[in-house]
Amino acid sequence: MAHTDHSGRPVVAVTGMGMVTSLGQGITDNWTRLTAGRSGIRRITRFPTDGLKTTIAGTIDAIAHEPPTSAALGLRIAELAAEEAVAAAGFRQDDVPGPLFLGFPPVEFEWPQRQAIGAASGANDHVGYTDLFRGAATGRFAPMHAQTLFAYAPEMLADRFGTRGSPIVTSTACATGATAIQLGVEAIRRGETSVALCIGADASVTQEALIRFSLLSALSQSNDPPEQAAKPFSANRDGFVMAEGAGALVLEELDHALARGATIFGIVEGCGERADGFHRTRSSPDGAPIITCIRAALADAGVAPEAIGYINAHGTGTPENDRMEHQCVSAVFGDRAQHLPISSNKSMIGHTLSAAGAVEAIFSLLTMRNGRIPPTINHFVPDPAIPLDVVPNVARDADVARTLSNSFGFGGQDVSLVLAREPA
Amino acid sequence: MSDRDALITGIGLISSLGEGLDAHWDALNAPPFAPVLDAESYPPFTLHPMTKLELDRQIPKRGDQRQMETWQRLGVYAAGLALQEAGVKGDAELLGRTHMIVSAGGGERDVAVDEAVLSEIGKQPDPGTWLNERLMSDLRPTLFLAQLSNLMAGNISIVHGVTGSSRTFMGEELGGVDAVRVACARLAAGQGDLFLVGGAYNAARPDVHMHLALGGAMRTRGWAPLHARMHDGGGTALGSVGCFLVIESRAHAAARGVTPLARIAGVQADRSRRRPGEAAANADRQWQALSPSSDAVILTAASGAGATEEELAWLDARGRPTRATTTALGHGIEATFPAALALGALALSRGHLFAPLEDAEAPFAEELRQVVVNCWGHWRGEGMALLAAA
């Protein structure tokens, strides 16, 4: 008999997972270090930080990539995460039988590239875009054209893994990774495909990107020591820590996975989303969009709030986010919110931005599979206004059957996922 | 006919030809076609500049206007127009369950800052530290929000109250194709009844000119319509375009009592490595899957760069009348497919095709029943849609 969910739709299983973060490469190392409460946040060495208010990040420094750009590193870690996920799923590395949904940050030219093009123009005193046109026309930088297109990373990954059809590259700010998963879930539920490769990847720690977030006053300035900067839900939290990472998931129709004997790492039971029209960087003060989003995820999964055993928080460590997340979780879960474990992976890996939704969905699945909740580290000064069980500082054994994973982003992007250990 | 047919019930289109469907229809039916061009602002490139807009009409708060750069304003404006045409604008109940898929690129650079930095950085003893100081003091704090790809959608949520959901697809031309394709697939499967889909592109940006020029894609020899241009070196003439479509199920449109402009009968998208013949092979498969009627006409959003010669040869072999929407509007990258779809839907709603845009395009005076819209990315990606009378 076919496995279907409460709405008669195919059940969506996770049959492959892979990741790279500042904690390391691969599921095993990441999980070991995450549950040991280790931090991947370090001093930035990629570019000079003199004169900057924030000088730390969760960078990925040891992975070779060419050219030396943010986009190339993002693509490389996406590829590494996908290799691991595809291997775990038991598909050939060049023959993934389904579409690709990639969450990736907007690709941009970087200063060294502009400088090189400007230099090639021969301009000396004043270098303007007219000069850059002339530098571009030399043809010496032709590969930069494709490499700086948004279509480049998804095309390269589609080539590499043999995914089917037009690859989609999406951005919903800090909810991007969760949106990539949602797109895959929807495609499987529609019966378009039995398999989807969903990736979130981000390697945005560049000079200008760091400065932009800094100018928005979004970043922690607790530079010393770096590993204590990210302190979600603490009274002294002072912003998020930029970080790099990639998470890849092979989603698969449960019956398709069972028929070929694949390992089932968990189930994506529900996806909820909502756009918040209040402000570009702030949530509606009443929390209605986030509350609606979480409730939509629960409804999509066909479960009541009581069924959730753990919340993998968005938990950025900005004063605003954590306050709002507490308010909204309390509204949905009522009195139970105070006793429901909720922890933030970002306390250790930082905010992996476009990757966060995918990376944290994988950590949520590992939490259930391994029966151990990763902690919120750096929780030394609890915020009395946030009376939640944030699993402070030390991982905890727990039997968790169902997890809510939240992702909220600039531009009013709210996405929540309900993940289960096994089919209902 | 099915309750879950995907109908276009509102179009917001702004371009060099004007604002709204009537302005476009008039400009397209005054042969010989006269494009609106700007050859002065960014030599040696010729652009199709955006028509003058009264922003207050769709973005009433000056504060909102200030928080955006041009590409976002174009998108928010076009989205407002589409919602208005579909009778959705201002209806909180409908907006609260409108699902948005935006095809977006990245936002404008601060050109003055870029040029000042590039002019001076070479003279600095410690360029890295100097750049930190300059960017910390010269970048406007809110510029980032005007650059982020998903903030076109974010601003549409803020200004127009579209809050059902919000997703942004990137990927240049195919981002636009996939936005429509995914919206239609969700609609057919009951994963939503009401969608706002589209994008906007600001062509008046030296940073994007530089980007395309790196790949030799920009036309530098003066403007010509697409077919004539391809006999004279080819190349892309960019156009500023904003286009959003309200797409909804037949049952939903009927319940609201709105008159649809056209039906989206199918959308196909695929990729290839663009070895000779590969894009055409994708188009063959897509044509077969969509199986247009023998009297269908074809609109193409060909860029003039990349595989356009292969595309025009493939189109020619169909033996059907064609129109190049990029001759009319310029190439609008992320917005180019939604805009081509809009012109197709417009023609279907009027019952006949618009006039040829150059001598190479054949007249077609018969009743219009089906329109194929073809869109190949200037680098990669092949998309095709079939539109039919509603």
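Modeller: Start at Val14(A), which sits across from Gly266(A), a residue of β9(A). That pair belongs to the pairing of β9(A) with strand β1 (residues 12-21) of chain A, an antiparallel arrangement with three bridges. Keep in mind that we're looking at a predicted model throughout.

Now look at the other partner of β9(A). Strand β15 (residues 413-420) of chain A also runs antiparallel to β9(A), and here eight bridges join the two.

How covered is the strand? Mostly covered: of the ten residues in β9(A), ten are buried. To be counted that way, a residue needs 20 or more other C-beta atoms within 10 Å of its own.

β9 (266-275) is among the elements that give two or more residues to the side of chain A that touches chain B. Others on that list include helices α3 (111-120), α4 (129-137), α7 (176-189) and α8 (207-215), along with strand β6 (168-170), again of chain A. In total, 65 residues from chain A and 64 residues from chain B take part in the contact. Sorted by class, the chain A side has 30 nonpolar, 20 polar and 15 charged residues.

Six residues from domain 1 and five residues from domain 2 make up the contact between them. On the domain 1 side, that comes to four nonpolar and two polar residues, with no charged ones.

And the partner chain? Chain B has 16 helices and eleven strands, and 61% of its 390 residues count as buried. Its C-alpha trace spans about 70 × 50 × 40 Å along the principal axes. The radius of gyration of chain B is 21 Å, which agrees with the value near 21 Å for a compact globule of 390 residues. Among the contacts in chain B with a separation of 6 or more, 79% come from residues 24 or more positions apart.

Terms used
Residues are numbered from 1 along each chain as its sequence is written. Chains are lettered from A and ligands numbered from 1 in the order in which they are written. This is a predicted model: local features need pLDDT of at least 70, side-chain atom pairs count only at pLDDT 80 or more; totals for chains, interfaces and linings use all residues. Two residues are in contact if their C-beta atoms, placed from the backbone, lie within 7 Å. Helices (H or I, at least four residues) and strands (E, at least two) are DSSP runs, numbered from the N terminus. Ala, Val, Leu, Ile, Met, Phe, Trp, Tyr, Cys and Pro count as nonpolar, Asp, Glu, Lys and Arg as charged, and the others, Gly among them, as polar. The radius of gyration is taken over C-alpha atoms; the globule rule is 2.2 Å times the number of residues to the power 0.38. A residue is buried if 20 or more other C-beta atoms lie within 10 Å of its own, exposed if 12 or fewer, and partly exposed in between; C-beta atoms are placed from the backbone. Two strands pair if DSSP finds at least two bridges between them.
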